[in-house]
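Open the model in your viewer and keep the sequence panel beside it. This tour goes stop by stop: a selection, then what is there.

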Amino acid sequence: MRWLFVLLLALVIFGSAAWFGYNTFVKEEIAVKKEQRGEVTPPPAVDISLPEFEAAAKLRQDGKLAEARDALIALIQKYPSGKHVDEARDMLGEVNIDIFLSRYPSPEKADYVVKSGDVLAKIARKLKTTPELIMRMNNMSGTMLHIGEHLLISHPDFSLVIQRKANLVVVLNHGVFFKQYHVREAKLPPKRPPKITGKVAETMAWNGGKRVGLGSKEYLASTKWIRFAGATAYTLYSLPDPSHPKVDQPPPPLGLGLAAADLEELSSLVNNRTLVTIID
């Protein structure tokens, strides 16, 4: 039995020594060689922006839109290359729209009292906005106005920047980020200059294969397009989405396809004075 004890003791001693040697020398040498070959997996980066992103999302969920907007702007400026910056931009756009296209009070909106002789198009021209924007901001289902009615009016200065490689249509308001829309389909010529500038030519509404106007009963259910003028020569057109499962107007030969709900929203923001820049 003594020889068995001695054998076990020897195994423990030499095994411990081998384990110590492996961890102290061999394992370290292997790690050094892996590092030299660039095979070492870096430790996961700490997601330091997550608490601020979640806090901004909570503010939006609680209906504190102005506070959510400020929090998201601060996050994007603080973490321009952060893990959640794209999500923050998408959420900031939704918050901006929630504020802008509603009767939610904000400093950029003014109160207008309808007077005798006012019609929607006349008010829009005078105040440098669009009839559809007034309708959506004031939750109007038609163009009829009543003397003494209070309308919230905003004075935006929207422009569009289309980023072809990123598949984004970015809306700026007075030169500052407002919202971004994701391009779902692109039909563009293979050869094109790296930068093109132009304007919106017109917004278009289609129903049953025919153009319809803003005051028609078919307008609300129509398919929206935005056509650019000049060298841009693109059309933003609608593609089916969950809220618009059927889009009966076939797409144009050239253009960019967006979700129908996105294009419906975007068409209310632009007019024939809206500047467009297309870049790679």
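**Stop 1: Tyr-104.** Select Tyr-104 and show its contacts (heavy atoms within 4.5 Å). Leaving out residues up to four places away in sequence, Tyr-104 touches Gly-63, Lys-64, Leu-65, Ala-66, Asp-98, Ile-99 and Lys-109. Tyr-104 lies in the loop between α4 and β1 (109-113). Helices here are DSSP runs of H or I with at least four residues, strands are runs of E with at least two, and both are numbered from the N terminus. Draw a C-alpha to C-alpha distance from Tyr-104 to Ala-66: the two are 9.5 Å apart in space and 38 residues apart in sequence. The cut-offs are under 20% relative accessible area for buried and over 50% for exposed, with partly exposed in between (1.4 Å probe, protein chains only).

**Before moving on.** This is a predicted model: local features need pLDDT of at least 70, side-chain atom pairs count only at pLDDT 80 or more, and totals for chains, interfaces and linings use all residues. Residues are numbered from 1 along each chain as its sequence is written, and side-chain values use heavy atoms, with hydrogens and water left out.

**Stop 2: α3 and α4.** Select residues 65-78 (α3) and 85-100 (α4). Their axes are 9 Å apart and the packing angle is about 150°. Axes are lines fitted to C-alpha atoms, for helices over the stretch in contact; angles run from 0 to 180 degrees between N-to-C directions. That makes α3 roughly antiparallel to α4 (an angle over 145 degrees). Now show side chains. The contact includes Leu-65, Ala-66 and Leu-72 of α3, and Asp-98 and Ile-99 of α4.

Stop 3: Select residues 168-173 for β4 and 176-182 for β5. The two strands pair in the antiparallel sense over six bridges; pairing requires at least two DSSP bridges. Pick Val-170: its bridge partner in β5 is Gln-180. Two residues separate the strands, and His-174 in the turn has a positive phi of about 55°. Why is β5 largely enclosed by the rest of the structure? Five of its seven residues are buried, so the strand is largely enclosed.

**Stop 4: β7 and its partners.** Select β7, residues 195-207.

- β12 (residues 275-279) pairs with β7 in the antiparallel sense over five bridges. Gly-198 stands opposite Val-276.
- β9 (residues 223-228) runs antiparallel to β7 and is joined to it by six bridges. Trp-206 has Thr-223 as its bridge partner.
- β8 (residues 210-211) pairs with β7 in the antiparallel sense over two bridges. Asn-207 faces Lys-210, and Gly-208 in this hairpin takes a positive phi near 65°.

**Stop 5: α7.** Select residues 260-267. Six of the eight residues are buried, among them Leu-263, Glu-264, Glu-265 and Leu-266.

**Last stop: the whole chain.** Zoom out. The chain has seven helices and twelve strands. Buried residues make up 39% of its 280 residues.

Notes. Parallel < 35°, antiparallel > 145°, perpendicular 65-115°, else oblique.
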